Each structure stands twice: as C-alpha cells, then as structure tokens.
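Let's read a structure together, one feature at a time. Keep the viewer open as we go.

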Amino acid sequence: MPPVDKHVQTSTERTGKEYRDIHEWLDGDTEKKAERHDITKIYEYGKMIEDKYGKEALQEYIQHIHDDVQAKFNHIQQDIEKAISETLVYFGVK
Ligand SMILES: [Zn+2]
C-alpha cells in the first residue's frame with residue numbers, strides 16, 4: 001500500500017491540501033492500522049473525521065482506503081500472474 005507521503009502527494013494533487021493528519025492517523029499506528037482501514041467502520045470514522053476536519057477531509061479519508069485497496073489488489077494480481085506464468089513454464093506448457 002502507498003506510504004503516507006504518497007497519500008499526501010495525491011491529496012495535494014486532488015485538493016491543494018495535504019491532509020497529512022488523516023493519512024498519519026490511518027497508517028501511522030501499526031497496532032491500529034487494520035482497524036482504521038476496516039471498511040465496516042467507514043461511517044463511524046468518516047463522521048468523526050468530517051466533524052473534525054470537514055467534508056473534503058472525509059472524501060480524502062475514503063479515497064485513501066480506495067487507493068490502498070486498489071494498490072493491494074494490483075499487487076495480488078501481479079503475484080498471481082507471475083505464479084501462473086512460472087507454473088506453466090515449469091510444466092513446459094508455455
Ligand atoms: Zn493506508
């Protein structure tokens with residue numbers, strides 16, 4: 001998943017603001033990282049973030065999780081494609 005600085009960069013490109021507090025909150029504490037990325041908590045955490053930082057920050061919080069999901073699944077897809085390719089070569093199929 002992208003590091004905090006990458007999230008800060010994409011927020012800046014999207015909004016002109018870093019929203020570093022949001023990205024640090026999501027990724028900074030390794031003990032709480034999974035809980036803070038839990039999509040079943042989006043309403044609860046989203047409301048908390050919107051109340052504290054506003055609507056645009058809420059969107060950046062959701063976008064952060066979206067970008068992490070996309071990056072994670074892209075990585076999984078690459079790993080699967082590599083494994084399939086290596087397995088086909090191993091058996092002389094390709
Ligand atoms: Zn993250």
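This is a predicted model: local features need pLDDT of at least 70, side-chain atom pairs count only at pLDDT 80 or more; totals for chains, interfaces and linings use all residues.

Q: How many helices and strands does the chain have?

A: There are 5 helices and 0 strands. Going along the sequence, the pattern reads α-α-α-α-α.

Q: Is the chain compact or spread out?

A: Compare the radius of gyration with what the globule rule gives for the chain length. Along the principal axes, its C-alpha atoms fill a box of roughly 60 × 25 × 20 Å.

Q: What share of the residues is buried?

A: Buried residues account for 14% of the 94 in the chain. As for contacts between residues at least 6 apart in sequence, 47% of them join residues at least 24 apart.

Q: Could we look at one residue? Is Y19 buried or exposed?

A: Count the neighbours: a residue is buried if 20 or more other C-beta atoms lie within 10 Å of its own. Y19 has 24 such atoms within 10 Å, so Y19 is buried. You will find Y19 in the loop between α1 (4–15) and α2. Leaving out residues up to four places away in sequence, Y19 touches S11, A57 and E60. I80, by contrast, lies 61 residues from Y19 in sequence and 34 Å from it in space, C-alpha to C-alpha.

Q: How do I describe two packed helices?

A: Use the angle between their axes and the distance between the axes. Take α2 (residues 20–27) and α5 (residues 55–90): their axes come within 10 Å and cross at roughly 40 degrees. That angle makes α2 oblique to α5. The crossing is right-handed.

Q: Which residues make the contact of α2 with α5?

A: From α2 come I22, H23 and L26, and from α5 come A57, E60, Y61 and H64. By type, these residues divide into 4 nonpolar, 2 polar and 1 charged.

Q: At what angle do α4 and α5 cross?

A: The axes of α4 (residues 42–53) and α5 cross at roughly 145 degrees and come within 7 Å. This crossing of α4 and α5 is right-handed. On the α4 side, I42, Y45, G46, I49, E50 and Y53 meet K55, A57, L58, Y61 and I62 of α5. The residues of this contact divide into 8 nonpolar, 1 polar and 2 charged.

Methods:
Residues are numbered from 1 along each chain as its sequence is written. Axes are lines fitted to C-alpha atoms, for helices over the stretch in contact, and angles run from 0 to 180 degrees between N-to-C directions. Helices (H or I, at least four residues) and strands (E, at least two) are DSSP runs, numbered from the N terminus. Angles under 35 degrees count as roughly parallel, over 145 as roughly antiparallel, 65 to 115 as roughly perpendicular and the rest as oblique. A crossing is left-handed if the near helix is turned anticlockwise from the far one by less than a right angle, and right-handed if clockwise. Two residues are in contact if their C-beta atoms, placed from the backbone, lie within 7 Å. Ala, Val, Leu, Ile, Met, Phe, Trp, Tyr, Cys and Pro count as nonpolar, Asp, Glu, Lys and Arg as charged, and the others, Gly among them, as polar. The radius of gyration is taken over C-alpha atoms; the globule rule is 2.2 Å times the number of residues to the power 0.38. A residue is buried if 20 or more other C-beta atoms lie within 10 Å of its own, exposed if 12 or fewer, and partly exposed in between; C-beta atoms are placed from the backbone.
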